Amino acid sequence: KNRLEKALADGEFLLKYQPIINLSQDELIDSYELLIRLQSADGEAILPDHFLPIAQRHGLSDDIDRWVVSQAISLLAEKQSRNIDTQIFVKISPESLQDNTLIDLVAKSLMANAVEGWRLILELPESQMITRLKQAQSFKSAMSALGVRICLTQFGTSVDSVKMLSHFDADLIKIDRSFIEDLDKNPEHQAKIREFVQNARNLDKATVAEFVSDAN
């Protein structure tokens, strides 16, 4: 807890950038997912799976969310100043749905940096939205008013993920990595992905596949 509080106070988190590639090639825009790491005392980058549960237990998740989102908007402003067309995906915790602090920060930061809201995509885990549906819908409405888009991650891991789309109007869905690994050898996963993508297209939603590790 003390290490996380110090990292927040002194800006000691590390940010990594995972490219997101548009295979349709119908738009030329740089897309990245912003990934957070915590630097250990010996300089090693600690993955979020190790420190985010601790942050959640001590009520620091939303503080980390605000820090990362603020960094993302600043980066978008910097890219914009160099005429580089960019959009950034940022994971946030479900805890940030519970108050308006993040909404206020996004509104003020976008305005202060003259950044268009659509360039920011906030990611929420589908598996945790079912029990927070009312909060998620309210959050989505507030973000849509700012032009900010919402992406459901871990898509496909719930009992009825496709039905979830009729309850929560996400702009994009990110198919869970469990369906992508060894995809070329797994007809069942191929069928599920076709189902996910077709349903998303019917609802005019974009799809993202993560953990694409080889050409097959």
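Helix axes are taken here as lines fitted to C-alpha atoms over the stretch in contact, with angles running from 0 to 180 degrees between N-to-C directions. Helices themselves are DSSP runs of H or I with at least four residues, numbered from the N terminus. The model is a predicted one, in which local features need pLDDT of at least 70 and side-chain atom pairs count only at pLDDT 80 or more, while totals for chains, interfaces and linings use all residues. Residues are numbered from 1 along each chain as its sequence is written, and side-chain values use heavy atoms, with hydrogens and water left out.

From helix 3, the contact (heavy atoms within 4.5 Å) draws on R66, V69, S70, I73, A77 and Q80, and from helix 4 on T101, L102, L105, V106, S109, L110 and N113. Sorted by class, these residues are 7 nonpolar, 5 polar and 1 charged; Ala, Val, Leu, Ile, Met, Phe, Trp, Tyr, Cys and Pro count as nonpolar, Asp, Glu, Lys and Arg as charged, and the others, Gly among them, as polar.

Helix 4 also packs against helix 5 (residues 133-145), at an angle of about 10° and with axes 10 Å apart. Helix 4 is thus roughly parallel to helix 5. L102, I103 and V106 of helix 4 meet F139, A142 and M143 of helix 5, giving a contact of 6 nonpolar residues with no polar and no charged ones.

Leaving aside residues up to four places away in sequence, L122 touches V69, V90, I92, F139, M143, V148, R149, I150 and C151.

F51 belongs to helix 2 (residues 48-57). F51 counts as buried because its relative accessibility is 3%, the cut-off being under 20% relative accessible area with a 1.4 Å probe and protein chains only. With residues up to four places away in sequence again set aside, F51 touches L4, F13, I36, R37, L38 and I46. F51 and R37 are 14 residues apart in sequence, with a C-alpha to C-alpha distance of 8.9 Å.

Key:
Helices (H or I, at least four residues) and strands (E, at least two) are DSSP runs, numbered from the N terminus. Buried means under 20% relative accessible area, exposed over 50%, partly exposed in between (1.4 Å probe, protein chains only). Angles under 35 degrees count as roughly parallel, over 145 as roughly antiparallel, 65 to 115 as roughly perpendicular and the rest as oblique.
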